[in-house]
Amino acid sequence: MVNPPATNGQGQAAPASAEGVVAIDDMEFASARRDLAGWQGLAWRAAAAGFVLWHLWILLVDPVDPTISRAVHVFLGAALGFALFAPRAVGAGEVERRVPWYDWALMIPCLLVPAHYILDADGIEMRSFMGPNWQDLLASGVGMALVLEFARRTAGAVMPLIAIVFIAYCFVGPWMPGILYHRGVAWDQVLVELFGNNGVLGTIIQVSASFIILFVTFAAFLQASKAGDYFNDFALALVGRARGGPAKVTVVSGILFGTISGSAVANVVASGAFTIPMMRRVGYDRETAAAVEATSSTGGQITPPVMGAGAFIMAEVLGRAYADIALAGLIPALLFYLANYIHCDLNARKAGIRGLPREELPRWVDLGRRAYMAAPLVLLIVILLMGYSPFRAAAIGIAATIVIMLGTALVHRMALRGEGIGGAIGGAAWETLKAIEAALSGSAKETMQLIAVCAAAGIVAGVIGLTGVGGRFATMLLDIAGASVFLAMLFAMVVAIILGMGVPTTAAYAIAAAVVAPGLIRIGVDPLVAHMFIFYFAILSAITPPVALASFAAASMAGADMWRTSVIAVKLGLATFIVPFMFWLSPALLAQGDLLPILQSFVTAGLGVWLLACSTEGWMMNGHLPLPLRLAAAAGGLALMIPEGITDVAGLAICAGLVFWQRRTFPEERLA
């Protein structure tokens with residue numbers, strides 16, 4: 001199969017880098033970005049930095065009314081988005097440098113809608129009980145239209161189309177069959193409910209305006225301090241010389257870098273240009289190199305302490321501390337990356353792929369001198385574990401990053417440039433201020449899509465609550481569970497993955513949580529387990545065909561077949577498709593319960609992951625596995641992943657038998 005040329009999502013060819021690697025936009029389902037120049041570029045950067053600073057101020061210093069903060073968050077974000085994102089792609093190789101008049105005009109209502117909430121906050125609160133006036137209805141209608149266009153520009157057409165279908169469902173319910181039937185809703189009620197605190201300006205946007213923007217800003221500051229480069233160097237030094245070293249570097253850097261970036265595609269772009277050519281150089285084929293990068297990057301969204309944006313929504317919906325959510329995600333994330341690492345090792349054994357020469361790797365002495373680069377992330381983890389709020393943890397992390405940037409610039413100027421103390425302090429301060437401005441405006445850029453998809457997902461959540469379809473869907477899940485609870489969980493998995501195939505993973509989780517989670521809870525699934533179950537499968541949609549954006553992005557960068565890349569990525573992430581069913585059977589894999597059962601579940605599940613990888617790769621230790629033994633390895637792996645004593649004993653027996661057969665059949669190591 002011949003790959004079509006990589007495109008930018010709008011039918012235009014994506015530009016290639018000097019190394020021949022295709023440039024991919026670092027936002028999921030992104031449209032055409034403008035590269036503003038001149039005074040407009042300076043104005044946008046200043047406004048973007050001010051937008052983030054305002055959020056930091058109200059979150060950390062002086063809170064404002066939540067409804068006002070949500071309205072400002074959505075619509076000032078939309079105004080910035082309309083400046084940065086063009087309504088359609090331009091010709092190949094062309095970039096818009098100016099904001100056209102019609103987008104300036106579109107920014108006016110973006111300012112008027114929050115102004116309505118700021119100037120008439122008390123009246124709006126009173127009319128929530130008495131009924132809206134025409135200004136409320138106008139603001140709601142115009143606001144939803146702006147949100148849909150904002151989402152279309154930043155996240156593609158699928159998400160707003162889903163929202164429009166749900167809006168239409170409010171009116172066509174009386175003609176719908178079965179569980180989709182409802183009596184219908186008046187148009188004024190639709191406008192008010194879907195825009196207000198149960199819809200666009202509801203819980204999902206509240207999370208976006210607080211947790212998400214704060215942690216995205218923290219990640220932007222970490223990147224500005226070159227922490228991402230340090231993590232890559234650390235991964236290189238740690239496993240670069242190992243068998244299949246570059247692939248293992250990709251996995252380890254996915255863990256480290258994934259903790260500061262909640263987007264699979266952003267992870268692919270940030271590390272893929274470095275890791276994919278490195279894997280290709282030592283002998284990995286294009287598809288495998290791309291799949292390793294895609295899978296490792298996708299895992300970043302389930303990796304504590306900074307998981308994907310959906311984790312913050314989960315914490316708010318469940319009313320639990322974010323630290324609890326991060327702790328619950330720890331063991332599944334470790335199992336995910338353990339599976340990736342084992343697959344890379346087995347693949348290298350089969351293909352005889354060695355690691356990188358020692359002289360090409362960073363020196364541990366140099367890494368030790370730069371160990372302070374990891375201090376903000378370590379501080380964040382420690383503060384969260386101490387029980388402090390995520391706001392305080394992120395704020396201290398940002399402050400630590402600024403100190404590091406300032407100290408690094410000062411030492412560089414004094415030690416390497418020989419500048420005097422006065423000039424060095426002034427130059428370092430100016431250099432740090434520029435880095436802070438770049439981090440602030442960069443974090444605003446990264447939040448554009450998240451704001452848009454959260455607002456559009458709020459419309460969908462509002463429709464579900466307004467029409468009662470969520471309750472009827474829960475009843476259907478109860479009916480399925482009457483035949484088999486496993487079938488109900490399987491159905492929930494399919495729904496979460498399908499929703500994620502058309503929209504960014506944050507929106508996929510938000511919608512699936514509104515539709516599926518209540519049903520799972522009603523059939524007896526623990527609320528944390530239900531939401532984690534949905535969260536994982538929404539994220540895994542990024543590597544699941546037929547629409548696997550992370551796999552497609554990595555395949556484009558590697559010049560690989562995107563379908564084969566997606567299939568290999570699913571194989572690499574196979575354990576994570578199984579782990580959610582395991583923590584449904586026993587919450588020990590979510591670190592719930594006593595320490596000893598948790599440790600036992602983790603160890604046996606890790607061994608099960610190894611057997612599953614051996615089965616899918618057809619290789620174990622020193623040689624290949626024939627088909628009957630591959631099936632036995634799969635059975636043993638599943639048995640070990642089920643957190644029960646009897647299944648663990650059976651799995652251990654199968655594992656011991658396979659190891660004994662391997663050592664007798666292939667006594668010599670194939671590759672040192």
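Tutor: Axes are lines fitted to C-alpha atoms, for helices over the stretch in contact, and angles run from 0 to 180 degrees between N-to-C directions. Helices (H or I, at least four residues) and strands (E, at least two) are DSSP runs, numbered from the N terminus. This is a predicted model, where local features need pLDDT of at least 70, side-chain atom pairs count only at pLDDT 80 or more, and totals for chains, interfaces and linings use all residues. Residues are numbered from 1 along each chain as its sequence is written, and side-chain values use heavy atoms, with hydrogens and water left out.

Student: OK. At what angle do helix 3 and helix 4 pack?

Tutor: About 85°, with the axes of helix 3 (residues 101–119) and helix 4 (residues 121–130) 4 Å apart. The two are therefore roughly perpendicular (65 to 115 degrees; under 35 is roughly parallel, over 145 roughly antiparallel, the rest oblique).

Student: Which residues in helix 3 and helix 4 meet?

Tutor: From helix 3, H116, Y117, I118 and L119; from helix 4, A121, I124 and R127. Contact means heavy atoms within 4.5 Å. By class, that contact has five nonpolar, one polar and one charged residues. Ala, Val, Leu, Ile, Met, Phe, Trp, Tyr, Cys and Pro count as nonpolar, Asp, Glu, Lys and Arg as charged, and the others, Gly among them, as polar.

Student: And helix 5 with helix 6, how do their axes cross?

Tutor: At roughly 150°, coming within 7 Å, for helix 5 (residues 134–155) and helix 6 (residues 158–172). That makes helix 5 roughly antiparallel to helix 6. L148, A151 and R152 in helix 5 meet P160, A163 and I164 in helix 6.

Student: Now the core. How many residues has the largest nonpolar core?

Tutor: The count is 216, and L520, M532 and F535 have the most contacts inside it. Such a core is a set of buried Ala, Val, Leu, Ile, Met, Phe, Trp, Tyr and Cys residues joined through side-chain atoms within 4.5 Å. Buried means under 20% relative accessible area, exposed over 50%, partly exposed in between (1.4 Å probe, protein chains only).

Student: What is M532 in contact with?

Tutor: Neighbours within four places in sequence aside, M307, M314, I325, A328, G329, F583 and L590.

Student: Last one: where is A591 found?

Tutor: In the loop between helix 27 (574–585) and helix 28 (595–617). Phi of A591 is near 60°, a positive value in a residue other than glycine. A591 is buried, at 19% relative accessible area.
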